[in-house]
Amino acid sequence: MFDFDEIIDRRGTHCSKWDMMQPLYGVAPEDGLAMWVADMDFRPPAAVSAALEAEVRHGVHGYFGGDADWKAAVAGWMARRHGWEVEPASIATTHGLVAGFALCLQAFTAPGDGVILFTPVYHAFHRIVRANGRELVQSPLVERDGRYEMDLDALAGALTGREKVVVLCSPHNPGGRVWSREELRALADFCAAHDLLLISDEIHHDLVMPGGRHVAMPLAAPEVVERLVMLTAPTKTFNIAGALTGNVIIPDEGLRARFAAVQMASGGSPNRFGVLAATAAYAEGDAWVDALCGYLAGNAAAFDAGVDAIPGVRSMRLEGTYLAWVDFAGTGMTAEEVQARVERTARIAASHGATFGLGGESFMRFNLATPRARIDEAVRRLQAAFGDLQ
C-alpha cells in the first residue's frame, strides 16, 4: 500500500536536509547522502496531500480559526494510539515544538534558573536554554548493556537549588530508548521530591519499533500532572516538519494559564496549512504509521549489521525514533578524524555527537528514514571509508 522504497529527489526544493548539507558539512548533494536533519525522505499519508490540495482549490488562505476539529483530532489520536484521554482545552498549538519549548522556559522559569537535560540529548534544547539566559544543567546518561539509563542518584547529589525544570526526551533522541513505565515513575517521583517542573518531549512517541510500547508520562505517573508539560506533534510522525505545528499539552489549569499568557505575548498563531494537513493525518494516518514503523525496523537492522561489522564501531539498538546513534570510540580515532572519513571519504552528512552534549563526543547520529537502497549505500560507503580497520 505504501512505497517507502521510492527515491524522491529533494535537491533544489528548499529542503534543509539536502540543500544545506554542502555549506554545513562540505558534502555535495550531487553525490552525497543526507543523514542528518530528522525528517524523512518519504511522502506523507495520502490524506495530507488531499487536504492541502483541497485548500489550494479553495484558493483563499487566510488566518486559521475554529480549532475544535483540530483539537478533537489530536485527542482522538492520543486516545486511539496511546490510551491517553486528553482534554481538548489542555492543548495549545505552537509554531513547532522548538518554539513551544522556548515558550515553556519563558513561562515557567526566570533568567539564571537551572534547566536539567539528560545528555546526550537533542541539540536544539541546549541552544534554546542558553539563548533564553537559563543555566544549562547536564545530567549524563549511563550506558548499561548497550542502553541508556538515567542516573537520578547522581543528579540528586549535584543539585544546587537553582534548578527549576527537568526536560525528558521520550523516546530518547539520539539514543533511541523507549523508557519503561518504572523509569518514568522514578523520574516523576524525583521531580516531586525536588519540586521540579517536568517537560516531557514526546515528539517521537509514534515511532516505536514493532513489539515495543511507548508509555505517555501521564499514564506512567498520573500524580505528576500537576507539574507536567507534554510536548507532542504530528510533524515527526507523518513527515510534515515544514508544517511547523506542535502540541503543548498542559493538564494543570494554573500552569496552562501561565503558558497561555506568554503565548499571547509572543503574538503567535497556528499555521493554517500545518493544522489542515495534520488534522487529516491524525484522522487517516494509522495504517501508514504502522507500515512505516515496520519499514524503519528493517532499515535499522540493515544499518546496524553493516556498521557493527566495522571494527571499533557500534550502533545502539533502536527501540524508538529513526535515528541511529553510532559510537566510534573503539576505532581510537578523534572525533575530527571520524568526521573526516564520514564526510569526505564516505560523503555522508551526519550529525556530530558533541552537539548533543556530554557523553556524545565519540558518536555520530545517522537518520535512517530514507529508502532501503540509500541505507545499503551508506553501509557500503562507511565500510569502505573505514576499510583499513578490517
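Analyst: This is a predicted model. Start with the largest nonpolar core, which has 65 residues. Phe-118, Leu-168, Leu-187, Leu-198 and Met-217 touch the most other members.

Take Phe-118. Leaving aside residues up to four places away in sequence, Phe-118 touches Ser-139, Leu-141, Met-150, Leu-152, Leu-155, Val-166, Val-167, Leu-168, His-172 and Leu-187. Two of these contacts, Leu-168 and Leu-187, are also named among the residues that touch the most other core members. As background, nonpolar side chains tend to be buried together in soluble globular proteins.

Now the cysteines. The structure holds zero disulfides. Cys-191 is in none, and the nearest cysteine sulfur, that of Cys-104, is 14 Å away. A disulfide needs the two sulfur atoms within 2.5 Å. Cys-191 is buried, at a relative accessible area of 0%. Cys-293 is buried too, at 8%. The closest cysteine sulfur to that of Cys-293 belongs to Cys-169, 16 Å off, so the pair is too far apart for a bond.

Last, the sheet. Five strands form an open, mixed sheet, ordered S1-S13-S14-S12-S11. S1 (33–35) and S11 (314–315) are the edge strands, each pairing on one side only. S1 runs parallel to S13 (residues 348–352), over three bridges. Within that pairing, Met-35 has Ala-350 of S13 as its bridge partner. Helix H15 (residues 372–385) packs on the sheet and touches S1, S13 and S14 (363–367). The direction of H15 makes about 100 degrees with that of S1.

Methods:
Residues are numbered from 1 along each chain as its sequence is written. This is a predicted model: local features need pLDDT of at least 70, side-chain atom pairs count only at pLDDT 80 or more; totals for chains, interfaces and linings use all residues. Side-chain values use heavy atoms; hydrogens and water are left out. A nonpolar core is a set of buried Ala, Val, Leu, Ile, Met, Phe, Trp, Tyr and Cys residues joined through side-chain atoms within 4.5 Å. Buried means under 20% relative accessible area, exposed over 50%, partly exposed in between (1.4 Å probe, protein chains only). Contact means heavy atoms within 4.5 Å. Two strands pair if DSSP finds at least two bridges between them. Helices (H or I, at least four residues) and strands (E, at least two) are DSSP runs, numbered from the N terminus. Axes are lines fitted to C-alpha atoms, for helices over the stretch in contact, and angles run from 0 to 180 degrees between N-to-C directions.
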